Amino acid sequence: VMLSGESGTGKELIARAIHYNSLRKDKPFVPVDCNSLSENLLESEMFGHVRGSFTGAVANKKGLFELADNGTLFLENIEALPLEMQDRLVEAAQRRGYFPEGRARTRSIALSARMVCSTSLPIEEAVAKNQLRQGIVDVLGNALTFTGSQASAWAGGVTGVDGDIYYALQGNILAGSCVVPAMEAALIAG
């Protein structure tokens, strides 16, 4: 799922609602702000690494995808990732697997985490300005766009959402409940 909207529109809240109202609710929810990731350790952060793969890699390290095993990895500000890393995410999603840094590319680790991404930029504009790969938008499938503040977003600024999901969002999330069965049926089938 790709979430788009200005800062403060509740994108992480929606990502959590998607997770906690899905079959993955008992598995990890791993939120990551892509702005906080070090560019020179990005591959290791996302996919992990094996001991000795680079100077300072004194032990095997799990990456974010492995930490979110069978759960949800929420990548906030996906546009902050370099385009090459966005391509790697697309490749991992398409192949349903990835290789930790330094591991022989003979047997991949199965990708079992759901990926939910968010951006504060309009998706089409970010793709046109080469800040976001079209491939990542395509792989993630469902795109929800929020405009205005959180309150106004729920009052009518949500696009890409059918009526049942919209009313579930409006009624349940604003009330503080995360029971959103219409979202589960439409977005989260596993």
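Predicted model: local features only at pLDDT ≥ 70, side-chain atom pairs only at ≥ 80, totals over all residues.
The mean pLDDT of the chain is 75, with 71% of its residues at 70 or more.

**Confidence along the chain**

- Residues 150-165 also keep a pLDDT under 50, and the model has 41 contacts beyond four places in sequence for them.
- Among the elements of the chain, β2 has the highest mean pLDDT, at 94, while helix α9 (residues 181-187) has the lowest, at 42.

**The nonpolar cores**

- The largest nonpolar core is made of 33 residues, and Met-46, Phe-65, Leu-75 and Leu-89 have the most contacts inside it.
- Two or more residues each come from β2 (29-33), α2 (42-47), α3 (64-67), β3 (72-76), α4 (83-95), β6 (114-119), α5 (123-128) and α6 (134-140).
- Helix α4 supplies the largest share of this core, with five residues.
- Apart from this core lies another one, of eight residues, which include Val-1, Leu-3, Phe-29 and Val-116.
- Leaving aside residues up to four places away in sequence, Leu-75 touches Val-32, Cys-34, Met-46 and Leu-89, as well as Met-115, Val-116, Cys-117 and Ser-118.

**Helix α4**

- This helix has 13 residues and reaches 18 Å from its first C-alpha to its last, close to the 18 Å expected at 1.5 Å a residue.
- Its buried residues are Leu-83, Met-85, Gln-86, Arg-88, Leu-89, Val-90, Ala-92 and Ala-93.
- As a reminder for reading such a list, an α-helix has 3.6 residues a turn, so residues three or four places apart point the same way.
- The cover over the buried residues of α4 includes the helices α2, α3 and α6, together with the strands β3, β4 (97-98) and β6.
- Just after α4, Arg-96 takes a positive phi of about 55°.

**Asn-77, between β3 and α4**

- Asn-77 sits in the loop between β3 and α4.
- Asn-77 counts as buried because its relative accessibility is 13%, and buried means under 20%.
- Not counting residues up to four places away in sequence, Asn-77 touches Asp-33, Cys-34 and Asn-35, along with Ser-118 and Ser-120.
- Cys-34 and Ser-118 are among the residues that Leu-75 touches, and Asn-77 touches them as well.

Key
Residues numbered from 1 in each chain as written. Heavy atoms only, no water. Core = buried A, V, L, I, M, F, W, Y, C linked by side-chain atoms within 4.5 Å. Buried < 20%, exposed > 50% of the residue type's maximum accessible area, 1.4 Å probe, protein only. Helix = DSSP H or I, 4+ residues; strand = E, 2+ residues; numbered from the N terminus. Contact = heavy atoms within 4.5 Å. pLDDT = per-residue confidence, 0-100. Expected span 1.5 Å × (residues − 1).
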